[in-house]
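Please read them with the model open beside you.

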Amino acid sequence: MKIDAILTPAELPRLSKRDLGATACVVFDVLRATSTFVTALHHGARAIIPVSEIAEALEIKKKHPKVLTAGERHGVKINARGMVFDFGNSPREFVPATVKGRKIVSTTTNGTRALRACAHAGMVLAGAFLNLRVTARFLLHSRSQNVLLICAGTGENAALEDIIAAGALCEILAKGKPSPVLSDAALVALSMFRHSKGRSGEVLCESENARRLLAMPELREDVKFSLRRDVFNVVARMKAGEIIAVRNTR
């Protein structure tokens, strides 16, 4: 297995020119898109449809009125063309009573853009601390030879929490046999994760995204929620433009 990483959203436009047909991509937007998608699927959502733009979400809603809408801009729930979206981007909103059996179209500042950027890959997974180990097991069981870890970032900048999550996944995958070959970017992520061990909560709460959320009383609990490790046994896999739950993984 060869593991590479994209550490900043500035690298996303180049993905369209890369042959990813034999690559498994894992997208991290820990605070908060991928954490939200994993939570929604765990609680019974039928599928998540990630789109890059608000207009795309509204068009899907127009064609399929039963689809729920979700997303944020600058961390705040979307209100567009006089329509308030059903959800923002807080994973705590996506409870069984409201999402079970439903499709949700979502657009966020970075996470959905990152997922769309690698949609042509052989496999696309949404990764989070919440489902880290089960995602690693899925990759190892699938015998993926090329893995690309994509850190969605914050705005146009790198996001510490995404890089550390990617590094945590690298450490789990590194225990596979034979040992994977890590690119320099993957080694950076792994090094940052190992540097934060024992004080990861403190380090992650210092990130730009975490500080912004912690300053908003209605969203501060999202940080603690999203930084929990391995609480959901669900792999979030994108197929034909929709993220669905893969369960019963070994």
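1. Thr-154 sits in the loop that runs between β10 (146-151) and α6. The model is a predicted one. Is Thr-154 buried or exposed? Its relative accessibility is 13%, and buried means under 20%, so Thr-154 counts as buried.

2. Apart from residues up to four places away in sequence, Thr-154 touches Asn-110, Ala-159, Glu-161, Glu-208 and Asn-209.

3. The largest nonpolar core has 43 residues. Those touching the most other members are Ile-3, Phe-28, Phe-129, Leu-139, Leu-149 and Leu-169. Which helix gives the most to this core? Helix α6 (residues 160-173) does, with nine residues. There is also a second, separate core of 37 residues, and Ala-33, Val-124, Ala-128 and Ala-152 are among them.

4. Helix α6 packs with helix α7 (residues 184-196) at an angle of about 95°, and their axes are 7 Å apart. Angles of 65 to 115 degrees count as roughly perpendicular, so α6 is roughly perpendicular to α7.

5. Where α6 and α7 meet, the residues from α6 include Leu-160, Ile-163, Ile-164 and Glu-171, and those from α7 include Leu-190, Met-192, Phe-193 and Arg-194. By class, this contact has eleven nonpolar, two polar and two charged residues.

Methods. Residues numbered from 1 in each chain as written. Predicted model: local features only at pLDDT ≥ 70, side-chain atom pairs only at ≥ 80, totals over all residues. Heavy atoms only, no water. Core = buried A, V, L, I, M, F, W, Y, C linked by side-chain atoms within 4.5 Å. Buried < 20%, exposed > 50% of the residue type's maximum accessible area, 1.4 Å probe, protein only. Helix = DSSP H or I, 4+ residues; strand = E, 2+ residues; numbered from the N terminus. Axes fitted to C-alpha atoms, helices over the stretch in contact; angles between N-to-C directions. Parallel < 35°, antiparallel > 145°, perpendicular 65-115°, else oblique. Contact = heavy atoms within 4.5 Å. Nonpolar A, V, L, I, M, F, W, Y, C, P; charged D, E, K, R; others polar.
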